[in-house]
Amino acid sequence: MSTPELNAIEQAVASKYRHGFVTDIESDTVPPGLDEDVVRLISRKKDEPQFLLDWRLKAFRHWQTMTEPNWAFVKYPPIDFQSISYFSAPKQNKDGPKSLAEVDPKLLETYDKLGIPLHERARLAGVAVDAVFDSVSVATTFKDRLSKAGVIFCPFSEAVKEHPELLERWLGTVVPPGDNFYAALNSAVFSDGSFVYIPKGVRCPMELSTYFRINAANTGQFERTLIIADEGSHVSYLEGCTAPKRDENQLHAAVVELVAMDNAEIKYSTVQNWYPGDENGVGGIYNFVTKRGDCRGKRSKISWTQVETGSAITWKYPSCVLTGDDSVGEFYSVAVANHHQQADTGTKMIHVGRNTRSTIVSKGISAGKAHNTYRGLVKVLPSAEGARNYTQCDSLLMGPGCGAHTFPYVEVRNPSATVEHEATTSRIGEDQLFYCLQRGLSAEDAVNMIVNGFCKAVFKELPMEFAVEAQNLLAVSLEGAVG
Amino acid sequence: MTNTPPTPLLEARDLHVEVNGKPILKGLSLTVNAGEVHAIMGPNGSGKSTLSHVVAGKPGYTVTGGSLLYRGQDLQALAPEERARAGIFLAFQYPLEIPGVNNVYLLKAALNAKRKHLGQPEVDAFEFLQLVKAKMQRMQMDEAFLSRGVNEGFSGGEKKRNEVLQMQILEPTLALLDETDSGLDIDALKVVSAGVNDLRSPDRAIVMVTHYQRLLDYIVPDFVHVLADGRILLSGGKELALELEARGYDWVRAQDAA
Ligand SMILES: Nc1ncnc2c1ncn2[C@@H]1O[C@H](COP(=O)(O)OP(=O)(O)OP(=O)(O)O)[C@@H](O)[C@H]1O
Ligand SMILES: [Mg+2]
């Protein structure tokens, strides 16, 4: 690439993380370290029933026998799991806030800085926000309307108290506690998260949205989300995150489990914008997430849409197990890696039932010195008569120092299955760019336009207001990246 | 009283240009005044596209000698987007595809960039749509092209039409058309030529690169130049094109060498 482009790329790439600040709220944080006592402490602090403590301990014991996975295309220094603090909650009034008015004003201020005017957003957009600050949920809105529809949408810790029978029935049925190293760790120490239950035949009256945020220094964040869509129900869930600037790496190992029964549909959308580290690769979030949906029922559908721009390291494969006959799994992803970010992300589509269908559309964008890897598995079991998969996997490179890698794994054990894979890699064309410049566009506008065009197939799967947010996020992440 | 001639729109004097260290233009001189239409003809690889690229400011071209002025201003001081906003338009020999970006979106962004440069407000969405639809009708393009990705999957001829559509909307002062006639069927050639002729005016100039005298039946040039071996070897009126068609380029070279 010639110099003017390179300069533009570097400028874009040099754009600063805009959400880098720290809120000064007293945290109730346990000292670093992890053993059975810490697990017991967490469970006790949260007033959990015995079954859950036993479940955590079992997971912990299993975790101790496991080793960290090392197959991903990412590099980072070894994590000292004993140097991490496993519980942190913002200090609250004795009984906790009952409404927004009771919420710590500092906290609300934080949301403001993040551009999430909670009440406004909730009112205007009709979105119920279960805002997670660090590990404990402090504000939940629109509960009434939801409960009238019979929908349960609450912090995980509340579900533990109010719906223990549901938890006991569903928890860990999609991602078993010993599924993988980080899932096991999460199962042992998870702090909070969201619980959603949509009863039979109910179409959730609004989009459910949770903003996650990591705040306390050096505190691992272990969210746990469980969404159950009972027969014939429908829900769209939005997850968005952003984090303050930090020097130390922060481990984040969330688990998300989805279950869709007969004819149910779950649409799960994520915009992830955690602190990616600075231009030199210092700091940033390690994002090791296990997300999996089980299309347990006939004709059920689970759709993952993600826009990943943040984190120093992303290790994430939202997957679908297509158990029910005629069930459908979808994965739409935009992953942006800039500076020294490393992303190893993709999906797994496991076809178990007959005539199951899956679609994978992955758009990877690399800039700076970043490496972006797509890793996807399409597995068709002998039982999956007539299964079909279509995978499209495109990479866009911005500048000479970055890389894109694609690892599609296909295992077909039923001869009636059709599996299609298309992949492209393109460099953000100097020629495309010049074409736009020649029409009078600024380099920045041209890059945004080209990148947004590249990501269009994914953006159109996002709920409206999220799509706009995602486009803005992309513009910020790649500001000046070419031109 | 002496008449000072007006400043030319484009003036190349003894222009030397290299690509990847390879000299392509080797002392090219050309003057284009407002109101004029110039045709540039010449053998493959002689440097015609290079000339249009260097005027438009494509990266990778190094001016190693001579001068290149637009309205008396050194073009090298201007970034490509600044040249565009100042009224230079290049209809590409090979228009690029930009997947996923709506044709109409690019058009609007381009028009607004120009308007901003001129201190005008952004174009009203409704007016813009009216304008585009009128121009599309003029170019006999189906409105479906508006919502398609820029040149995405367009046929060769459709791409060329789309270039001229963009030109019609941006109304450039200096239009460079690089083989806009190549790949057009007979009817399309007429439509595209009419689109170009619409822009002829006393304060604009058009420079078109072509291999075929047929185009010049529709867009009648004031001057015809032969570009060979990186220089303008011969200039003449529109009849020169006929002679070239009959005799080829070798005699021009021979004459020049003599
Ligand atoms: N990037 C490059 N590196 C090396 N040589 C180049 C490069 N770009 C162009 N050239 C060479 O410069 C010369 C002039 O090319 P140019 O495209 O200007 O020719 P042209 O007159 O437009 O030809 P045509 O009639 O075939 O379109 C050719 O020999 C071409 O191979
Ligand atoms: Mg050419």
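How many salt bridges does the rule find across the interface of chain B and chain A?

Modeller: The rule finds two salt bridges across the interface of chain B and chain A, a salt bridge being a side-chain nitrogen of Lys or Arg within 4 Å of a carboxyl oxygen of Asp or Glu. This is a predicted model, in which local features need pLDDT of at least 70 and side-chain atom pairs count only at pLDDT 80 or more, while totals for chains, interfaces and linings use all residues; side-chain values use heavy atoms, with hydrogens and water left out. Residues are numbered from 1 along each chain as its sequence is written, and chains are lettered from A and ligands numbered from 1 in the order in which they are written.

One salt bridge joins the side chains of B:K58 and A:D431, with 3.3 Å from N to O. The contact (heavy atoms within 4.5 Å) involves 19 residues of chain A and 32 residues of chain B. The size of an interface is often given as the accessible area lost when the parts come together. Here the buried area, which is the accessible area (1.4 Å probe) lost by two parts on being put together and summed over both, is about 2100 Å² between chain B and chain A. Carbon and sulfur atoms give 67% of that area.

Where pLDDT is low, the predicted coordinates should not be read in detail.

Charged side chains also sit over rings, which requires NZ of Lys or CZ of Arg within 6 Å of the ring centre and within 35 degrees of the ring normal. In chain A, A:R439 lies over the face of A:Y435, 4.8 Å from the ring centre. In chain B, the charged end of B:R247 sits over the ring of B:W251, at 4.1 Å from its centre.

Lastly, B:F154 counts as buried because its relative accessibility is 6%, and B:F145 counts as buried because its value is 10%; buried means under 20% relative accessible area, exposed over 50% and partly exposed in between (1.4 Å probe, protein chains only).
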